[in-house]
Amino acid sequence: MPRISKYIRWDVTLLLNHNRKRLEYYKDPFATIIGACPKIVKARRIAKRVAKGDSNIVLYGETGTGKEIFAKAIHNSSSRANGPFIPI
């Protein structure tokens, strides 16, 4: 039986993990928001509630705080998910 290179195994493992994360994302768009502190949990809960509505929302905060990640999750959980996501 031929030996499989450790690099090939590593590539296959990375690919499987990547596909597993993509599957989680399709089940729950909020799966990309990682964190268990009370503020993140509360923000995720509010974002899920907002996604059910049909209002426009504005997310603001400092650079690098995850506004676009939340915006994409809200968009992909909303009734507008089939439309384009256009960050501003």
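Student: Is serine 78 buried or exposed in this model?

Tutor: A residue is called buried when its relative accessible area is under 20%. In this predicted model, serine 78 has a relative accessible area of 14% and is therefore buried. Serine 78 is found in the segment after helix 3, a helix that covers residues 67-77.

Student: What does the side chain of serine 78 reach?

Tutor: The side chain of serine 78 reaches the backbone oxygen of histidine 75, at a distance of 2.8 Å. Histidine 75 is itself one of the buried residues of helix 3.

Student: Which residues of helix 3 are buried, and what does their cover include?

Tutor: The buried residues in helix 3 are Phe70, Ala73, Ile74 and His75, and what covers the buried residues of this helix includes helix 2. Of the 88 residues of the protein, 12% count as buried.

Student: How much of the contact pattern comes from residues 24 or more positions apart?

Tutor: Among the contacts with a separation of 6 or more, residues 24 or more positions apart account for 42%.

Student: What should I make of arginine 44, and which side chain of opposite charge is nearest?

Tutor: A salt bridge here needs a side-chain nitrogen of Lys or Arg within 4 Å of a carboxyl oxygen of Asp or Glu. Arginine 44, which lies in helix 2 (residues 38-51), is buried yet has no salt bridge, and the nearest side chain of opposite charge, that of aspartate 28, is 6.6 Å away. Once its neighbours within four places in sequence are left aside, arginine 44 is in contact with Phe30, Ile33, Ile34, Gly35 and Phe70. Phe70 is also among the buried residues of helix 3.

Student: Which residue does aspartate 28 meet in a salt bridge?

Tutor: Aspartate 28 meets lysine 48 in a salt bridge, with a distance of 3.9 Å from N to O. Aspartate 28 lies in the loop between helix 1 (6-27) and helix 2, and lysine 48 in helix 2, so the pair ties together parts that are 20 residues apart in sequence. Both residues are partly exposed: aspartate 28 has a relative accessible area of 26%, and lysine 48 has one of 35%.

Student: How many salt bridges does the structure hold, and where do the partners aspartate 54 and arginine 80 lie?

Tutor: The structure holds three salt bridges. In the one formed by aspartate 54 with arginine 80, the closest N and O atoms are 3.3 Å apart. Aspartate 54 lies in the loop between helix 2 and helix 3, whereas arginine 80 lies in the segment after helix 3, so this pair ties together parts that are 26 residues apart in sequence. Aspartate 54 counts as exposed, because its relative accessibility is 56%, while arginine 80, at 39%, counts as partly exposed.

Student: Where do glutamate 68 and lysine 72 lie?

Tutor: Glutamate 68 and lysine 72 both lie in helix 3, four residues apart, which is about one turn of the helix. Their side chains meet in a salt bridge at 3.7 Å from N to O. Glutamate 68 counts as partly exposed at 41% relative accessibility, and lysine 72 likewise counts as partly exposed, at 37%.

Student: What share of the accessible surface belongs to carbon and sulfur atoms?

Tutor: The accessible surface of the protein comes to about 7800 Å², and 60% of this belongs to carbon and sulfur atoms.

How values were computed:
Residues are numbered from 1 along each chain as its sequence is written. This is a predicted model: local features need pLDDT of at least 70, side-chain atom pairs count only at pLDDT 80 or more; totals for chains, interfaces and linings use all residues. Side-chain values use heavy atoms; hydrogens and water are left out. Buried means under 20% relative accessible area, exposed over 50%, partly exposed in between (1.4 Å probe, protein chains only). Contact means heavy atoms within 4.5 Å. Accessible areas come from the Shrake-Rupley method with a 1.4 Å probe; for residues, only the protein chains shown count as cover. Helices (H or I, at least four residues) and strands (E, at least two) are DSSP runs, numbered from the N terminus. A polar contact is a pair of N or O atoms within 3.5 Å; within protein, one must be able to donate a hydrogen and the other to accept it, and residues adjacent in sequence count only if both atoms are side-chain atoms. Lys and Arg count as positive and Asp and Glu as negative; His and the chain ends are not counted.
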